[in-house]
Number of protein chains: 2
Amino acid sequence: MITIPFKNEGQFLYEEIYEFLKNEIILGNLKNSEKLPSKRNMASHLAVSVNTVDAAYGQLVAEGYVEAVPKKGYYVCEIDTYLQNEKRAVSKNKVETEKNEIDGIDFSPNMIDQRIFPYDAFRKIFKATFNEYDLNLLNKPDIQGEPELRKALVNLLYRSRGVVCTADQIVIGSGTDHLLQTLDLLWGNSKEIILENPVYLKAYNIFEKMGNKVISVDIDKKGIRIEPLKNHKNVAIYVTPSHQFPLGISMPIDRRIKLLNFANKEEQIYIIEDDYDSEFRYNEKPLPSLQSIDKNGKVIYIGTFSKSIAPSMRISYMVLPDSLLKTYLEIADQISSPVSSLEQRMIAAFISGGFFEKHVNKMRKVYKEKRITLMDALGQLGDQVKITGENAGHHLLIQLNKGLSEKEMCERALALGVKVYPVSPYFIHGVSKKFESMVLLGYGSLTAEQIYEGINLLKKAWEL
Amino acid sequence: MITIPFKNEGQFLYEEIYEFLKNEIILGNLKNSEKLPSKRNMASHLAVSVNTVDAAYGQLVAEGYVEAVPKKGYYVCEIDTYLQNEKRAVSKNKVETEKNEIDGIDFSPNMIDQRIFPYDAFRKIFKATFNEYDLNLLNKPDIQGEPELRKALVNLLYRSRGVVCTADQIVIGSGTDHLLQTLDLLWGNSKEIILENPVYLKAYNIFEKMGNKVISVDIDKKGIRIEPLKNHKNVAIYVTPSHQFPLGISMPIDRRIKLLNFANKEEQIYIIEDDYDSEFRYNEKPLPSLQSIDKNGKVIYIGTFSKSIAPSMRISYMVLPDSLLKTYLEIADQISSPVSSLEQRMIAAFISGGFFEKHVNKMRKVYKEKRITLMDALGQLGDQVKITGENAGHHLLIQLNKGLSEKEMCERALALGVKVYPVSPYFIHGVSKKFESMVLLGYGSLTAEQIYEGINLLKKAWEL
């Protein structure tokens with residue numbers, strides 16, 4: 001008969017019995033088809049209650065170690081010996097968590113000013129939105145995005161960017177990268193993808209990783225060149241006309257019209273307009289979006305709340321032309337929405353309550369001041385520094401005509417505790433002479449003091 | 001000289017001037033290279049200030065309608081005529097927003113009981129998490145998931161599912177669908193994907209849409225069959241061993257070991273274990289996960305908070321074996337995380353604060369009662385109804401041996417205001433005889449009264 005060495009180490013009795021029998025089966029001490037003692041016998045043998053044995057046998061049956069044969073009893077099942085591979089001992093390769101912080105001054109182009117975030121408005125909105133009497137609060141979000149957010153966007157996009165659309169055309173995504181993945185699924189790799197060079201790298205990587213034919217087209221001073229597009233008939237062209245990323249060029253109207261007219265030539269040509277930081281334009285009122293000029297349903301308009309609210313909220317939106325809606329809905333139906341409905345509703349309330357525009361106006365003012373400060377500080381570096389891309393967004397570019405390479409510029413700055421960002425990684429086929437010795441300076445998160453101190457340190461680092 | 005018919009309809013003066021000149025250029029009334037009046041002349045002609053004209057000209061220059069030539073003046077740029085396609089008038093095909101609600105009784109397998117959600121705990125956690133002194137609050141989330149959530153999961157998964165891993169192996173995704181997409185990117189379509197039949201359809205669709213070779217393997221009463229897997233050497237096998245979706249089978253230990261041993265034979269074989277509702281098992285303690293038995297790094301473990309917290313929060317997690325981490329990090333680096341960091345932190349606090357386990361225990365009790373109620377109600381239908389898959393999750397299956405087809409069962413039920421769900425859509429190659437006349441009954445969101453009433457109505461509908 002079986003003897004169980006009870007240890008009573010915080011386990012239930014039934015668990016000890018279960019564990020013991022399980023191991024005996026795994027070790028082969030209890031063999032296939034062997035009959036276990038009846039529950040009553042086992043209980044009396046172990047001096048425990050029948051219920052305890054019943055619980056242990058029940059668990060063994062549920063997991064498939066033992067089979068209960070009605071009116072006969074409990075039998076051990078046939079279990080294969082588990083093979084353990086010899087090469088098992090893979091060394092734990094400690095993965096370093098990405099850290100973007102440095103102790104000094106970080107001219108990151110991806111950061112915003114946390115100090116002016118409307119914390120109180122968000123608290124109020126959370127309180128109002130997180131309401132247990134709302135029976136949809138915990139349900140799966142609408143595949144295309146929560147209706148209230150899409151409705152709020154229809155008005156906002158019309159007022160701010162001249163975008164004309166209905167809520168049915170809007171798709172809410174968890175960031176621009178996710179929306180680009182959705183477009184890829186929609187086209188199923190059937191389209192060539194043309195991107196600007198230099199380019200928002202993640203766009204390039206996503207389309208390439210997903211198996212598309214990806215073509216890079218150089219930009220000139222007006223944006224993407226039109227000539228190299230000719231002969232492409234089934235293509236999507238990804239552009240950032242408001243504020244080319246990373247060079248900061250704003251595409252003038254003649255190039256916009258040339259681009260749209262190119263798209264108008266073939267049914268299968270679309271333009272993806274990534275309007276990622278259009279809210280932040282300082283000298284003039286924002287340029288009208290490509291989508292607002294387009295009369296033929298050629299433009300897919302993409303925007304994000306990363307810059308205008310916070311990068312921590314992964315919410316972006318796209319406006320699809322009618323011609324893509326049917327296919328989109330077929331695709332969307334097959335994949336759940338990745339965007340939290342609570343945050344979608346909070347942002348909807350933030351927009352409809354008028355908080356969004358107020359906040360953007362405030363931010364625009366703050367960033368404008370930061371930009372003036374940075375321009376002033378850069379002025380002290382003299383005419384060895386050329387500034388571009390300064391009219392919009394949260395970053396600008398500076399170029400040295402002093403013979404320092406981009407790499408030297410970044411390294412020397414870092415040695416003094418200042419982080420500036422190279423522009424070369426955004427170029428797909430190497431950097432042309434025109435863009436050598438150029439770095440990105442973001443100013444979204446810095447104070448005036450930090451900006452002056454940072455530029456002073458750069459002056460030292462680069463011996464200007 | 002130009003005459004501008006000021007309308008003063010809530011526009012700024014400079015906007016009216018800008019709009020007027022822009023249209024003149026578009027219409028061709030102001031031609032390429034034509035010189036505009038100087039700002040001073042224009043101002044005096046229109047009886048407005050020079051600043052007003054300056055703003056209008058500035059906007060025209062910014063948008064590329066006009067060029068400012070230093071020391072010479074403002075010249076009209078060359079703009080192509082914009083082509084409007086004739087086929088423009090695409091009729092607005094009103095897209096219906098998906099509505100899942102019906103007025104009667106909905107036995108949906110995807111709904112949870114909103115009444116027991118811990119609203120107050122979440123309010124407290126929001127208050128504590130949404131803290132302006134936390135300088136990371138608004139930053140982009142860690143690509144792999146917020147460290148605090150990953151750490152909390154290491155302990156939780158070990159305690160609840162025997163999963164052994166480090167925080168470095170955990171990836172936070174915006175739902176299971178997103179994690180499957182990530183795996184696809186990681187393997188770059190190089191692997192065959194084997195899925196159970198019947199199957200969680202979205203898994204099937206995602207892998208197929210993303211261009212993989214997808215193979216369906218029938219299940220028997222123990223889960224996926226092992227024999228058809230032979231000869232596949234570079235393959236990922238997607239399974240739901242705790243509670244097969246949709247049939248509710250729990251894979252017994254011998255099949256689990258057979259499956260793991262199959263994976264152990266080749267380096268390029270992986271198992272995707274989708275443990276989507278393992279928290280809800282009512283008769284025995286939960287079965288150990290495949291991952292907890294695996295000693296060779298063959299199992300990718302996937303879990304979700306959709307069932308245990310709320311479907312509205314799009315947060316799932318996966319545990320990657322060491323051998324996949326390096327490639328994962330290369331991919332992850334190229335795409336931003338789609339998961340809101342605020343909600344990640346809130347869930348981390350929900351787990352670390354002990355709220356999660358308390359909540360799950362409460363829910364388990366509630367769902368267990370609902371299940372007992374449903375079983376009791378079904379008992380009244382007599383032996384024409386066979387019940388399966390009732391030991392776990394939020395749904396079970398019933399099969400009629402009365403000659404009604406699945407379609408008739410659903411339609412007749414709906415005619416009396418009761419929604420039951422067909423099982424056939426989950427079968428990839430048509431339903432075998434064994435699974436005919438079978439429907440899914442979910443009970444997550446229903447009260448006892450609704451369950452009794454619903455089953456009574458089904459009795460009438462099906463004439464039992």
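Between which two helices of chain B is Ala47(B) found? The legends below take this up.

The model is predicted: local features need pLDDT of at least 70, side-chain atom pairs count only at pLDDT 80 or more, and totals for chains, interfaces and linings use all residues. Residues are numbered from 1 along each chain as its sequence is written, chains are lettered from A and ligands numbered from 1 in the order in which they are written, and side-chain values use heavy atoms, with hydrogens and water left out.

**View 1. Ala47(B) has a positive phi.** Ala47(B) sits in the loop between helix 2 (39-46) and helix 3 (50-63) of chain B. Helices (H or I, at least four residues) and strands (E, at least two) are DSSP runs, numbered from the N terminus. Phi of Ala47(B) is near 60°. Ala47(B) is exposed, at 69% relative accessibility. Exposed means over 50% relative accessible area, buried under 20%, and partly exposed in between (1.4 Å probe, protein chains only).

**View 2. Ser33(A) also has a positive phi, near 75°.** Ser33(A) lies in the loop between helix 1 (13-27) and helix 2 (39-46) of chain A. Its relative accessible area is 48%, so Ser33(A) is partly exposed. Most residues other than glycine have a negative phi, and most peptide bonds are trans.

**View 3. A cis peptide bond joins Phe245(A) and Pro246(A).** Omega is about 5°. Pro246(A) belongs to the loop between strand 8 (235-239) and helix 8 (253-264) of chain A.

**View 4. In chain B, the bond from Phe245(B) to Pro246(B) is cis.** Here omega is near 5°. The loop between strand 8 (235-239) and helix 8 (253-264) of chain B holds Pro246(B).
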